[in-house]
Amino acid sequence: MTSQNKDQKQLKGIFPVDSKYSLKSQDSSDVQSVFSGKNQCYALMSEDETVKKFQVILRSGKKYRVPYALLPITELSDKNDELCIMAYQLLIVVQGRNIEPIEEYLAEETLLWMSESPSGKDDGSLPVFISNIIIEGKAISKEVN
């Protein structure tokens with residue numbers, strides 16, 4: 001699904017399948033609710049955009065930016081329910097359902113951000129679901145040695 005933002009750039013993203021948004025809708029608040037990121041677990045860059053970092057958003061609201069320049073290594077489980085992203089003393093574990101597209105967009109360096117579900121409960125209405133994201137490693141440690 002694509003749309004235009006206020007700067008007239010094409011936006012790409014994965015939005016709820018059951019979204020009430022329609023291109024014929026006249027209500028601008030309707031458009032804002034769909035493209036605001038609510039119920040969306042990840043977004044992709046626009047066609048003319050270059051992404052240097054992707055953002056990981058936790059349920060708590062904490063955000064991490066990870067540079068693609070770190071050349072992250074990804075490992076997707078056989079069941080397509082766990083993705084490990086390893087980069088320079090950093091481990092990000094993404095758990096959910098049908099998360100293979102996220103791994104593919106990471107490999108293509110087109111992922112803008114991914115986010116945990118606010119509730120952590122999967123109702124099956126979305127094609128991709130992220131239940132938990134775990135981030136650990138020395139790269140995010142606040143200890144100074």
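Author: A salt bridge is a side-chain nitrogen of Lys or Arg within 4 Å of a carboxyl oxygen of Asp or Glu. The model is predicted, so local features need pLDDT of at least 70 and side-chain atom pairs count only at pLDDT 80 or more, while totals for chains, interfaces and linings use all residues. Residues are numbered from 1 along each chain as its sequence is written, and side-chain values use heavy atoms, with hydrogens and water left out.

Reader: Why is the pair Arg59 and Glu116 called a salt bridge?

Author: The closest N and O atoms of Arg59 and Glu116 are 3.7 Å apart. The limit is 4 Å, so the pair qualifies.

Reader: What makes this pair a tie between separate parts of the sequence?

Author: Arg59 lies in the loop between strand 4 and strand 5 (63–67), and Glu116 in the loop between strand 9 and strand 10; the pair therefore ties together parts that are 57 residues apart in sequence. Strands (E, at least two residues) and helices (H or I, at least four) are DSSP runs, numbered from the N terminus.

Reader: How do you know whether Glu116 is buried or exposed?

Author: Buried means under 20% relative accessible area, exposed over 50%, and partly exposed in between (1.4 Å probe, protein chains only). Glu116 has a relative accessible area of 9%, and is therefore buried.

Reader: How many salt bridges does a search of the whole structure find?

Author: The search finds two. In the other, Arg97 pairs with Asp122, the closest N and O atoms being 2.6 Å apart. Arg97 lies in strand 8 (residues 90–97) and Asp122 in the loop between strand 9 and strand 10, so this pair ties together parts that are 25 residues apart in sequence.

Reader: Why are Arg97 and Asp122 called partly exposed?

Author: Arg97 has a relative accessible area of 27%, and Asp122 has 38%. Both values fall between the 20% and 50% limits, so the term applies to each residue.

Reader: Which residues of helix 2 are buried, and what do they pack against?

Author: In helix 2 (residues 100–108), Pro101, Ile102, Glu103 and Leu106 are buried. The strands that they pack against include strand 3 (42–44), strand 7 (82–87) and strand 10 (129–136). After helix 2 comes Glu109, whose phi is positive, near 55°.

Reader: What does the secondary structure of the protein come to?

Author: The protein has two helices and ten strands, in the order β-β-α-β-β-β-β-β-β-α-β-β along the sequence. Of its 145 residues, 37% are buried.

Definitions and conventions. Contact means heavy atoms within 4.5 Å.
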